[in-house]
Amino acid sequence: MCEKAIEDILKKHGITRAIDVSELYLAKKALASVADLSRFPMMTYLWLNDNKIREVCCLRHNYRLTELYLHNNDITSITGCLRHLTSLQVLLLHNNQLKKLGESVSELRRMHFLRTLTFFLNPFAQDPGYRLYVIHYLPSVTLLDRRGKFKQILCISMNIC
C-alpha cells in the first residue's frame with residue numbers, strides 16, 4: 001500500500017526522478033508499514049503521521065531529513081532507526097507507544113540540531129522526571145512537547161542554579 005501511495009503522489013506532481021523529491025506527504029494513509037525510502041536521498045521533509053505504523057526503519061539513507069513527523073502512530077521503539085539522522089531539527093513522536101525513555105533519548109543524542117521534539121502521550125511521558133531527563137540529555141531541544149521556556153528546568157537539571 002505504501003508503494004502505491006508514493007507512486008500516486010509522484011505521478012500527481014509529475015515527478016519522474018526520485019532525486020527531485022524533497023518533501024513526501026504520507027500522512028493519513030492508514031499505513032501499517034513504510035517501504036524503504038532510500039531512493040529519495042534529497043528528501044528533507046517527511047510526513048508519516050496519523051497512520052498505524054509500528055516501526056520506522058525505512059530511513060536508512062535519508063540523511064538530509066530536517067523535519068520528520070511520526071506522531072499519532074503505534075511506534076513501540078525508535079532504537080536503531082533514527083540515530084543517523086543528525087540533521088533533524090523537528091521530530092514529532094507524540095501519541096505513540098514508546099515505553100523506554102532511556103533508549104529513545106539515546107537514539108537522539110547525536111542530533112545536535114534538534115530544536116523541536118514531542119514525546120507526550122507516550123507511556124514513558126507519565127514518568128514524573130521525564131521532562132528533566134529529556135532536557136538534560138538533549139540540550140539542543142528548545143521546544144519540548146509544545147512547551148518552550150524551560151530554561152529554569154534546564155538550570156535545575158544541570159545543577160547550575
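The model is predicted.

Start with the helices. Two packed helices are described by the angle between their axes and the distance between the axes. Here the pair is helix H2, residues 101-108, and helix H3, residues 130-137. Their axes lie 10 Å apart, at an angle of about 25°. Angles under 35 degrees count as roughly parallel, so H2 is roughly parallel to H3. The crossing of H2 past H3 is right-handed.

Which residues make the contact? From H2 come Leu 101, Gly 102 and Val 105. From H3 come Tyr 130, Tyr 133, Val 134 and Tyr 137. Sorted by type, the contact of H2 with H3 has 6 nonpolar residues, 1 polar residue and no charged ones.

Now look at the rings. The structure has 6 aromatic pairs. One of them joins Phe 119 and Phe 124. Their ring centres are 5.0 Å apart, and the planes stand at 80° to each other. Planes over 60 degrees apart count as edge-to-face, so this pair is edge-to-face. Are these two residues buried or exposed? Phe 119 has 0% relative accessibility, so Phe 119 counts as buried. Phe 124 has 5%, and Phe 124 counts as buried too. The cut-off for buried is under 20%.

Another pair brings us back to H3. Tyr 133 and Tyr 137 form a tilted pair, with 4.7 Å from centre to centre and 50° between the planes. Both sit in helix H3, 4 residues apart, which is about one turn of the helix. Tyr 133 is partly exposed, with a relative accessible area of 29%. Tyr 137 is partly exposed as well, at 31%.

Elsewhere, rings gather in a group. Tyr 25, Tyr 45, Trp 47 and Tyr 69 form one aromatic cluster.

Finally, follow the backbone into the loops. Most residues other than glycine have a negative phi. Which way does Ala 30 go, positive or negative? Ala 30 has a positive phi of about 60°, although it is not a glycine. Find Ala 30 in the loop between strand S1 (23-25) and strand S2 (45-47). Its relative accessible area is 46%, so Ala 30 is partly exposed. Leu 121 also has a positive phi, near 65°, and is a residue other than glycine. Leu 121 lies in the loop between strand S5 (116-118) and H3.

Conventions
Residues are numbered from 1 along each chain as its sequence is written. This is a predicted model: local features need pLDDT of at least 70, side-chain atom pairs count only at pLDDT 80 or more; totals for chains, interfaces and linings use all residues. Side-chain values use heavy atoms; hydrogens and water are left out. Axes are lines fitted to C-alpha atoms, for helices over the stretch in contact, and angles run from 0 to 180 degrees between N-to-C directions. Helices (H or I, at least four residues) and strands (E, at least two) are DSSP runs, numbered from the N terminus. Angles under 35 degrees count as roughly parallel, over 145 as roughly antiparallel, 65 to 115 as roughly perpendicular and the rest as oblique. A crossing is left-handed if the near helix is turned anticlockwise from the far one by less than a right angle, and right-handed if clockwise. Contact means heavy atoms within 4.5 Å. Ala, Val, Leu, Ile, Met, Phe, Trp, Tyr, Cys and Pro count as nonpolar, Asp, Glu, Lys and Arg as charged, and the others, Gly among them, as polar. Rings of Phe, Tyr and Trp (its six-membered ring) pair if their centres lie within 6.5 Å; planes under 30 degrees apart count as stacked, over 60 as edge-to-face and the rest as tilted. Buried means under 20% relative accessible area, exposed over 50%, partly exposed in between (1.4 Å probe, protein chains only).
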